[in-house]
Amino acid sequence: MLAGGDGNRLASLTRALYGLDLPKQFAVLAGERSLLQTTIERAMLLTSLDHISVVVTVHHETMARAQLAPYPGVELVVQPRNLDTAPGMLLPLARILARHATARVVFLPSDHYLADPAPLARALATAAEHPLSNRLALVGVTPTGPEVEYGWIVRGDRIGRTHGFTVDRFQEKPPHAIASELWRAGGLWNTFIQAAAADTFWDLARQYLPGHATLLERYAATVDGPDEHRALVSAYEQMTPASFSRDVLAHATHTLAVLPVDGTGWSDWGSPQRVFASLAGTPCHDRLVERIRSDVAMAG
């Protein structure tokens with residue numbers, strides 16, 4: 001589970017709610033649990049707590065440990081610094097492969113909203129039961145409009161008798177005219193939710209980020225040993241920032257699949273406007289507005 005970012009895009013909202021720039025993954029915005037905790041409970045539809053890892057950066061470690069306390073068995077993986085999504089994914093992968101060479105993994109970002117996670121869980125479970133020709137599977141949700149702030153996936157042919165399709169191309173944050181074309185043509189919103197055998201991810205890392213893979217393979221040899229922390233710090237001192245989307249997936253469309261998923265009410269909560277739009281017409285919306293008004297009144 002990816003929770004290593006600083007969550008700055010919702011800073012104005014979390015500041016209004018908490019009086020400080022709380023990273024959004026640790027904020028309670030709907031219901032009684034934070035986005036991080038809600039994502040853990042989403043992962044529990046797929047596996048047990050002792051098979052869930054949460055990735056954070058060191059300056060969020062204390063906050064993360066407090067929020068993970070109700071979930072015994074979840075492993076907290078702490079990065080020495082935030083180097084974007086590629087190291088954030090490859091670090092837990094290195095640990096998993098060091099312990100379980102044949103593991104299958106799912107990556108869930110911790111800043112998503114799903115009104116109904118059941119269709120997502122069903123799609124991921126089906127993909128695990130019927131592997132998509134050893135491809136890395138991305139979840140693409142059915143769009144509700146020509147959104148220009150999301151990335152899009154253009155799908156190709158169906159893969160055998162599975163529910164997956166090949167990936168023709170990506171379109172990142174298109175202008176409105178292109179987004180409208182993608183919407184009409186059956187394009188999908190890219191959720192960055194991914195599933196595959198752990199070694200499938202690692203093979204792509206070796207191909208497109210060989211330096212990162214080499215450094216983390218050296219680290220993996222020390223996992224659960226006395227030199228693990230020192231090896232981790234050394235690896236992060238030598239690694240550069242890298243985006244898994246831009247530096248890996250964008251070059252590997254021939255090895256990818258996309259799983260279309262409908263009916264989740266999915267949103268990437270990257271702005272306060274999206275939060276309020278997702279919750280419109282629900283008690284959670286009214287409660288969020290009430291909390292903001294109460295905090296403003298207290299500040300006044």
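# Strand β8 and its neighbours

Biologist: Over how many bridges do strand β6 (residues 151-158) and β8 pair?

Modeller: This is a predicted model, with residues numbered from 1 along each chain as its sequence is written, and local features need pLDDT of at least 70. Side-chain atom pairs count only at pLDDT 80 or more, while totals for chains, interfaces and linings use all residues; side-chain values use heavy atoms, without hydrogens and water. Strands are DSSP runs of E, at least two residues long, numbered from the N terminus as are helices (H or I, at least four), and two strands pair if DSSP finds at least two bridges between them. For β6 and β8, which pair in the antiparallel sense, the number of bridges is 2.

Biologist: What is the bridge partner of V141 in β8?

Modeller: Strand β5 (residues 136-141) also pairs with β8, in the antiparallel sense, over 4 bridges. The partner of V141 is W189.

Biologist: Why is strand β8 (residues 188-197) largely enclosed by the rest of the structure?

Modeller: Buried means under 20% relative accessible area, exposed over 50%, and partly exposed in between (1.4 Å probe, protein chains only). Strand β8 is largely enclosed because its buried residues number 10 of the 10.

Biologist: What share of the residues of the protein chain count as buried?

Modeller: The chain has 12 helices and 10 strands. Of its 300 residues, the share that count as buried is 50%.
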